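Colleague: Can you walk me through this model? I have a few quick questions.

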Amino acid sequence: MRTKSLKKNKINVITLGCSKNTYDSEVLMGQLKANGKDVAHEEEGNIVVINTCGFIDNAKEESVNTILEYVDKKDQGLVDKVFVTGCLSERYRPDLEKEIPDVDQYFGTTELPLLLKALGADYKHELLGERLTTTPKNYAYLKIAEGCDRPCSFCAIPLMRGKHVSQPIEKLVKEAEGLAKKGVKELILIAQDLTYYGLDLYKKRNLAELLENLVKVEGIEWIRLHYAFPSGFPMDVLDVMKREPKICNYIDIPLQHISDDILKSMKRGTTKEKTTKLLQEFRERVPGMAIRTTLIVGYPGETQEDFEILRDWVQEMKFERLGCFTYSHEENTGAFVLEDDVPQEVKQARAAEIMDLQSQISWDLNQEKIGQTFKCVIDRKEGQYFIGRTEFDSPDVDNEVLVDASKHYLKTGDFVNLKITDATEFDLYAEPV
């Protein structure tokens, strides 16, 4: 009979929250593998590392529940050790240590070397950009900066991720080259704030120059921009987007609200007029661009009139992609001193109204695509369909293109031209041409 001491340790990394956490988990796993460790993502393992999210109530709840689930498994002898890292741990470590003491150790967002040490591994500096990707082989996230210097009153990210720190262009190009060698064809650029990229390193907003360097990487066919901030957006990025076919005509720009009173209280540094002008310029300079945004309803002091300004504006702007969240009252943020005075049921009703409206906008825009042909990437096969995306769609959050697998054979990871034959609010049906 094998004794426990001979059992080979397998480390199971569990990722909660956003794409930036996915990236961090991939870096952790790359380091562990380089140390000869047996590591898996969200599979079985006797040692568990939970990479948590601490952004809003729902995310915090999911993180706490996952920690409790694995602590329970540890009590039952199903796992040997549980480690917790990420944003929740960064933000609430003293409380977590007190409330859930059975976790072996908690680590913050900047303590990767310490976490590796606890897992019996050394931090290898030479592993520049090396990581075990967890996404489908055709796309990967490229984190170009960490942290945020913006003062937004509702947001706890600077508390968990610190000040904005850009990664040097040459390091990112090297990382992109490594990903391309592994078969990655689409880079999704992520940061808390893409707009700010380069200010700390190059004393100017330098996203355009980064893009000009990344488009030269052989094997990369699409580059997609996520999480730009409206205030101070570097307009030269639009020129590069228009000029370079590899850069998707797509931008994710979380706007949060549009009522001037709410924008001022949120400390967003912009106005309805400025934001509208910026978006009009996006569309003029890059015709056919898909704009994704996210909005918050139920922020402290949001009146029915504020909400109606937002709703009417959504109707007017006709965003290609839109998500809407209810405000979450976060301690130690600027807005926490304000009274969380919009009842939860009003918040939910407002969010539902925005999403109903967006659903109709999305349906109308999708109907216009019927009969058109688009270059699409095939991400996966699911049931009877091959699932692809146009350049106007990011994985997991946007529209998908469905091709009947009983009639057509497509290879995942390939780019194909697909003609749209039918459309619903969030799905397009197509066949190869």
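Modeller: Let's start with the annotation. UniProt lists "domain: MTTase N-terminal" at residues 9-124, from an unreviewed entry. UniProt positions are in the numbering used here, feature names are shortened, and annotations may be inferred rather than shown by experiment. Note that this is a predicted model: local features need pLDDT of at least 70, side-chain atom pairs count only at pLDDT 80 or more, and totals for chains, interfaces and linings use all residues. Residues are numbered from 1 along each chain as its sequence is written, and side-chain values use heavy atoms, with hydrogens and water left out.

Colleague: How much helix and strand is there over residues 9-124?

Modeller: That stretch is 47% helix and 21% strand. Its end C-alpha atoms are 20 Å apart. Helices (H or I, at least four residues) and strands (E, at least two) are DSSP runs, numbered from the N terminus.

Colleague: And where does UniProt put the TRAM domain?

Modeller: The record, again an unreviewed entry, has "domain: TRAM" at residues 367-433. Here the chain is 1% helix and 54% strand, with end C-alpha atoms 19 Å apart.

Colleague: Which strands pair with β17?

Modeller: β14 (residues 373-382) pairs with β17 (residues 415-423), antiparallel, over 5 bridges. β17 is also joined by 5 bridges to β18 (residues 427-432), again antiparallel. Two strands count as paired if DSSP finds at least two bridges between them. β17 and β18 make a hairpin with 3 residues between them. Ala423 has Leu428 of β18 as its bridge partner.

Colleague: What is the bridge partner of Cys376 in β17?

Modeller: Val416.

Colleague: How many disulfides?

Modeller: The count is 0, where a disulfide is a pair of cysteine sulfur atoms within 2.5 Å. Cys18 is in none; the nearest cysteine sulfur, that of Cys53, is 6.2 Å away. Cys376 is in none either, and its nearest cysteine sulfur, from Cys248, is 11 Å away.

Colleague: Is Cys376 buried or exposed?

Modeller: Cys376 counts as buried because its relative accessibility is 0%. Buried means under 20% relative accessible area, exposed over 50%, partly exposed in between (1.4 Å probe, protein chains only). Cys18 has 31%, so Cys18 counts as partly exposed.

Colleague: Switching to packing. How many residues are in the largest nonpolar core?

Modeller: 58. Such a core is a set of buried Ala, Val, Leu, Ile, Met, Phe, Trp, Tyr and Cys residues joined through side-chain atoms within 4.5 Å. Ile144, Leu189 and Phe282 have the most contacts inside the largest one. α6 gives the most to this core, with 6 residues. A second, separate core of 20 residues includes Cys376, Val377, Leu418 and Ala430.

Colleague: What does Ile144 touch?

Modeller: Leaving out residues up to four places away in sequence, its contacts (heavy atoms within 4.5 Å) include Leu172, Leu189, Tyr197, Leu207 and Leu210.

Colleague: Last one. Where is Ser359?

Modeller: Ser359 is in helix α13 (residues 344-367). Its relative accessibility is 15%, so Ser359 counts as buried. Beyond neighbours within four places in sequence, Ser359 contacts Glu425 and Phe426.
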